[in-house]
Amino acid sequence: MSENVLDVKNLSIEIPVAGGMLRAVDSISLHVEKGETLCIVGESGCGKSLTSLAIMDLLPKKAIRKVEEMTLGEMNILNFSEKQMSDVRGNKMGMIFQEPMSSLNPSFTVENQMLETLSRHRAIVGAEAKALVIQMLEKVGIIPAVKRLRQYPHQLSGGLRQRVMIAMTLLCEPQLIIADEPTTALDVTIQAQILKLMKNLQNDFDVGLIFITHDLGVVANIADRVAVMYAGQIVEEGSVFEIFDNPSHPYTRGLLSCIPVPGKIKRGEPLGSIPGMVPSLVGDFSGCRFSGRWSGDDEQKKNSNINLVAIDNEENAFKVQGSESHFVRFCCNECLEKSYNSKQRKAS
Amino acid sequence: MTDLMVEATGVIKDYKISQGLFRGKEILRAVDKVSLSVSRGETLAIVGESGCGKTTLAKIMLGLLEPDGGVVKLCGKPLNEISRLELAKLVQPIFQDPYSSLNPRKTIGSIITLPLKVQGDLSPETWKQRVLTTMDLVGLPSRMLEQFPNQLSGGQRQRVAIARALINRPKIVICDEPTSALDVSVQSQILNLLNELRKELELTYVLISHNLAVVEHMATRVAVMYFGKKVEEAETEQLFKNPKHDYTKTLLDSILVPDPRSARKNN
């Protein structure tokens, strides 16, 4: 039995804005196993970054976090104080952000910043610490590392900076790494290198990884499991193969049809699209989150051979028949009716 | 007969980089003897990593930057012989970030009308109608006429930018990363729109992008730039099937195919 490094149950985030409460994240649950990569995919504003910030307890002050259960490894981090959390962050839980220039301190050398991590969390100083830093930089492919130690972040290229960030995260051998769009700001060739590096290191260190991205190409390359987020909810969750082979929520299908794939759609032929816009989630939002977003082909796909099995105690949530790990959730009954006829749905 | 819409020969652009107060200036050659030609109705894509000179080249073709060498001809006429007003009727840009390319204090209507005003268009009574026609063309509802950019989503803003570029019916449109700031579902809407408009208005596109999947979908021909030089140019299919230059090969290898099986095979 594999062990979970992270377990989050019923996480909701509300942000007070002018005009009411913005329900940015609406009771989502997720878990990450040891050595597993969970990709959270979704478009901007769907709540994926807020989810990651909520796990790290780094939400903006105004935001209200409600969560039933949150454990990291053996620790219940739900009621941790600020001080306790800052012992966890960077130590048991590592973070890699999109823009490495803004996560590194511009006025300290690479060596200084990395040594600080070690002395803060693991009380390792002096020659031993320096040796560890060099070793880690070489692991992330910065060779020779000694040359880079005394450089400042601005002297490094984007790819190198991201490698330094990765090395820094791994220094304390965390159980979980949260990477929020770590390759979006990089060139495609560098992106491919960094993804490969992260995949290899994850295997070496056997660490759980939450990888947040909007790029389905990246997902296909790096994910073991995928959670698709839309308008603050996880609408579909499953292994990477289940999601790409058998997308069961109309939103996932729409997303997959939107991306140009070399050799799949002829040049000049229109790409699939998701019409309309994400509804505003301010106030007592109770309507359908997906209304106005149906594309013409959804009706035909109704007759697909996917069957759903209802999950107890959860409204409009289903397991895809024939698979233990593939779940789909609809925001309302209407959405469900539109996508699947009653024959395709079974009680549990 | 081939109509050459854009013809660039040996274009050079140098930037002088300051080395400090008392040292001389170093010269950085951003664009190094690049020659390109685009015929009517074609979509030429320029790809390359950041800093390889693709945007500089686009600015030269738009007449926004003076090249330090070489000649650019638009519709057979050298660029420096075309007046600015005429140039704007010939070639128009669409930029990457619709959040910074629209004036936040002007309404959508006045943003789209501005090119007509600048051109001193002689029949102001037709302006409103033309703005509405163009908005309809790019899929913007007419009720947005009096709204401000901050009330619009990213995709809608990019549509406004496209409407503004098209209101004077240019022949060439230079799209500099037109979708890289947008979400995938919006990206597909904008790409579809650009393709429809190209057919309908017989436009010629120069598309600058680093997203090779987008390039493969849109372009008829691709030019690859690397450190200011054009290292390869070929028909899209040719280039994707049979890349010649090492850099092109690396570039093609880094495409992330959204298919978990083939992605895993390569690793």
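Me: What should I know about numbering and confidence first?
Reply: Residues count from 1 along each chain as its sequence is written, while chains are lettered from A and ligands numbered from 1 in the order in which they are written. The model is predicted, and local features need pLDDT of at least 70, side-chain atom pairs count only at pLDDT 80 or more, and totals for chains, interfaces and linings use all residues.

Me: In what order do the strands of the open sheet in chain A run?
Reply: Helices (H or I, at least four residues) and strands (E, at least two) are DSSP runs, numbered from the N terminus. Two strands pair if DSSP finds at least two bridges between them. In chain A, 10 strands give the order S7-S8-S9-S3-S10-S11-S14-S13-S12-S15, with mixed pairing. Strands S7 (93-96) and S15 (345-346) of chain A are at the edges with a single partner strand each, so one side of each has no neighbour in the sheet.

Me: How many bridges join S13 and S14 of chain A?
Reply: S13 (residues 317-320) and S14 (residues 327-329) of chain A pair over 3 bridges, in the antiparallel sense. There, Phe318(A) is opposite Val328(A) in S14(A).

Me: Which residues of helix H5 in chain A are buried?
Reply: A residue is buried if 20 or more other C-beta atoms lie within 10 Å of its own, exposed if 12 or fewer, and partly exposed in between, with C-beta atoms placed from the backbone. For H5(A), the buried ones are Ala129(A), Val133(A), Met136(A) and Leu137(A). Their arc, taken from the directions from the helix axis to the C-beta atoms, is only 100°, which puts them on the same side of H5(A). Ala127(A), Glu128(A), Ala131(A) and Gln135(A) are exposed on the other side. Just after H5(A), Gly141(A) has a positive phi of about 85°.

Me: How many residues of chain B are in contact with chain A?
Reply: Two residues are in contact if their C-beta atoms, placed from the backbone, lie within 7 Å. By that rule, 30 residues of chain B contact 33 residues of chain A. H6(B) gives the most to this side of chain B, with 8 residues.

Me: Is Gln96(B) buried or exposed?
Reply: Gln96(B) has 20 C-beta neighbours inside 10 Å and therefore counts as buried. Gln96(B) sits in the loop between strand S6 (91-94) and helix H3 (108-118) of chain B. Beyond its neighbours within four places in sequence, its contacts are Asp176(B), Glu177(B), Pro178(B), Ser180(B) and Ala181(B).
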